[in-house]
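The sequence and coordinates follow.

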Amino acid sequence: MWYFIFKYILMGPGLRLMGRPTIEGHDNIPKSGAALIASNHLAVVDSFYLPLMVRRRIFFLAKSEYFTEGGFKGKFKKWFFSSSGQIPIDRSGASAAAGALSAGKRVLDAGGLLCLYPEGTRSPDGRLYKGKTGLARMALETGKPVIPVAMIGTERINPPGTILPRPTRITVRVGEPLDFSRYEGMAGNRFIERAVTDEIMYALMRLTGQQYVDVYAQKLKNSDGTYKKAEELMDGGEPAA
């Protein structure tokens, strides 16, 4: 109930006024049944504008820290994220991938829409970065289609160095579902999972028009929150997917 109250009453009108969002290709979202959504990730508001523009409810996987903070503020955050379709996962330790896979499967088994950001974090400079293979693994293990979605313009609402949000124009562009049934039974094969991931990222690159960088975005982040330049790492090592 709260999900739709946020969407249509408490937050939706303000988001529409600020971003004047439009959606292209909404018919590519199935009216019923389970599917995975793969989206590029430019800003925090991606997780607000995508559910706003898609008629069906969308679930996201969120880090568990959003749900475990103490005090009144922590309780409010837990309620808000739970009400808005966020599912907590523990992203630390060796079992993180298994926990995310299990949580995602529960959504899909119930016939829901699950959105994942294959880049794993927000783009530091507006370019599209190398995808991690978790989404591919989930698609191969469940047999569900993957719908590529381009978020365009969300990074302009609250660019680095600004405090107040800025009115802009946002487009949500939905591509045709990707079918990976030809790889049935091959989940767990890292070469197949990489091939599926690269196909998803190529679809996103075509939808978004972003320049693709063959480096993990997370690898660019320094401990102080600043970012390295991707070009500095092009010849360096890469983290495990």
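## Pairing of β1 and β8

In this predicted model, strand β1 pairs with strand β8 (residues 171–174) in the parallel sense, and three bridges connect the two. Within this pairing, Thr 22 has Thr 171 of β8 as its bridge partner.

## The seven-stranded sheet

Both strands belong to an open sheet of seven strands, arranged in the order β1-β8-β7-β2-β5-β3-β4, and the pairing in this sheet is mixed. Its edges are formed by β1 (22–24) and β4 (86–89), each of which pairs on one side only. From one strand to the next, the twist averages 30°.

## Packing of α7 against α8

Helix α8 (residues 190–208) also packs against helix α7 (residues 134–142): the two axes come within 8 Å and cross at roughly 110°. Angles of 65 to 115 degrees count as roughly perpendicular, and α7 and α8 are therefore assigned to that class. On the α7 side, the contact involves Leu 135, Ala 136, Arg 137 and Leu 140. Helix α8 contributes Ile 192, Glu 193, Val 196, Thr 197 and Ile 200. By residue class, the contact of α7 with α8 comprises six nonpolar, one polar and two charged residues.

## Packing of α2 against α3

From α2, the residues Gly 12, Leu 15, Arg 16, Met 18 and Gly 19 meet Phe 48, Tyr 49, Leu 52 and Met 53 of α3. The residues of this contact divide into six nonpolar, two polar and one charged.

Helix α3 is largely enclosed by the rest of the structure, because seven of its eight residues are buried. The buried residues of α3 are Asp 46, Ser 47, Tyr 49, Leu 50, Pro 51, Leu 52 and Met 53.

The loop between β8 and α8 contains Glu 176. This residue is exposed, its relative accessible area being 61%. Leaving aside residues up to four places away in sequence, Glu 176 touches Asn 28, Val 146 and Pro 148. The C-alpha atoms of Glu 176 and Val 149 are separated by 9.1 Å, while the two residues lie 27 residues apart along the chain.

## The chain as a whole

The secondary structure of the protein chain comprises eight helices and nine strands. Of its 241 residues, 46% are buried. The accessible surface of the chain comes to about 12700 Å², with 55% of that area belonging to carbon and sulfur atoms.

Contacts between residues at least 6 apart in sequence were also classified by separation: 75% of them join residues at least 24 apart.

Terms used: Residues numbered from 1 in each chain as written. Predicted model: local features only at pLDDT ≥ 70, side-chain atom pairs only at ≥ 80, totals over all residues. Heavy atoms only, no water. Axes fitted to C-alpha atoms, helices over the stretch in contact; angles between N-to-C directions. Helix = DSSP H or I, 4+ residues; strand = E, 2+ residues; numbered from the N terminus. Parallel < 35°, antiparallel > 145°, perpendicular 65-115°, else oblique. Contact = heavy atoms within 4.5 Å. Nonpolar A, V, L, I, M, F, W, Y, C, P; charged D, E, K, R; others polar. Buried < 20%, exposed > 50% of the residue type's maximum accessible area, 1.4 Å probe, protein only. Areas by Shrake-Rupley, 256 points an atom, 1.4 Å probe, with all protein chains shown as cover. Pairing = 2+ DSSP bridges.
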